[in-house]
Amino acid sequence: MELAPIVLFVYNRPEHTRACLEYLERNELAAESELYVFADGAKQGSEEAVAAVRRVIAEPWKFKRLNVVERPENKGLAANVIAGVTSVLETHDRVIVLEDDLIVSPYFLRFMNEALEVYKDTEEVCHVTCHMLDHKGELPDTFLIRWCNSWGWGTWSRAWQYFESDGRKSLREIERRGLCREFDLDGGFHFTQMLRDQIEGRNNSWFIRWYASLFLRDKLMLGTGRSLVDNAGFDGSGTHCNTMQLCTQTLSMNPIAVVPISPVKENLLARKVYSRTYRYNYSYRHKLKVFIGNLWIRVFNRKKR
């Protein structure tokens with residue numbers, strides 16, 4: 001099996017970066033895998049944290065080869081991801097992508113590499129992930145869905161060629177074809193508004209443009225019913241994640257087998273589960289529940305001091 005290079009994007013969070021690398025290093029295939037780290041440059045006031053991240057990267061990590069690209073200037077997450085993935089896929093036909101606030105199961109690399117190998121010639125499948133939100137309902141270990149997930153993912157050079165950086169162009173086509181509700185996971189989440197916000201400069205998401213690119217071509221993601229990835233970034237340290245963790249995931253410590261799915265078509269149950277889970281997680285009722293819970297934790301911790 002050809003092992004995909006791992007691409008890790010880091011910026012100014014040394015402790016998150018260390019945790020990500022430590023969890024990744026525990027994977028059985030880590031020592032045989034090539035790791036590319038793209039370290040974004042500092043903004044004013046972040047110089048010390050960025051330097052600390054680069055010291056973490058420079059430590060003797062146990063990967064087959066470590067390639068570090070230190071950006072001299074701050075590109076921002078979206079530009080860093082797009083440029084980094086594009087450059088690695090110029091010399092490799094597949095890639096596994098992580099960001100610095102993610103921690104992974106010891107079986108993460110095994111699953112991702114097997115999935116990228118099994119579906120390498122399946123043109124309909126263009127994105128692989130093993131991150132799954134906690135949900136109600138039973139799902140198979142693997143399934144196909146017309147969606148994307150950006151928390152620990154992989155793709156191929158044959159698929160990345162579809163990436164359309166012009167969000168306005170994609171939005172026009174979604175609206176022309178009357179696909180807004182479908183793009184929003186059947187009303188589960190406001191992805192269309194997220195795309196509009198990217199166009200207007202209110203966010204700088206690469207993910208929403210990647211999702212739109214594949215959605216308009218009817219491409220599928222291979223997903224999992226259990227999560228081999230967890231996001232540890234909901235502590236206020238990140239640019240795009242705050243302390244309001246509305247979407248939770250439980251990190252599975254058991255392997256997930258990759259069995260080819262036939263026929264190659266969307267799993268409608270998985271789509272319903274995703275839609276229902278997003279709709280609940282971002283409902284006012286759930287937001288209020290999480291807010292009160294976080295407030296109680298802060299008050300309790302203050303009393304303990």
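This is a predicted model: local features need pLDDT of at least 70, side-chain atom pairs count only at pLDDT 80 or more; totals for chains, interfaces and linings use all residues.
Residues are numbered from 1 along each chain as its sequence is written, and side-chain values use heavy atoms, with hydrogens and water left out.

Let's start with the sheet. It's open, has eight strands, and goes β3-β2-β1-β4-β8-β6-β9-β7 with mixed pairing. Strands here are DSSP runs of E, at least two residues, and helices are runs of H or I, at least four, numbered from the N terminus; two strands pair if DSSP finds at least two bridges between them.

Which strands stand at the edges? They're β3 (65–70) and β7 (142–145), each with a single partner strand, so one side of each has no neighbour in the sheet. β7 runs antiparallel to β9 (residues 220–224), with four bridges joining them, and F143 sits opposite G223 in β9.

Now the helices. α9 lies across β6 (125–129) and β8, at about 140 degrees to β6. Angles run from 0 to 180 degrees between N-to-C directions, and axes are lines fitted to C-alpha atoms, for helices over the stretch in contact; contact means heavy atoms within 4.5 Å.

α9 (residues 207–215) also packs with α8 (residues 191–199), at about 120 degrees with axes 9 Å apart. The two are therefore oblique to each other, as angles under 35 degrees count as roughly parallel, over 145 as roughly antiparallel, 65 to 115 as roughly perpendicular and the rest as oblique. Their contact includes F191 and M194 of α8 and Y211 of α9.
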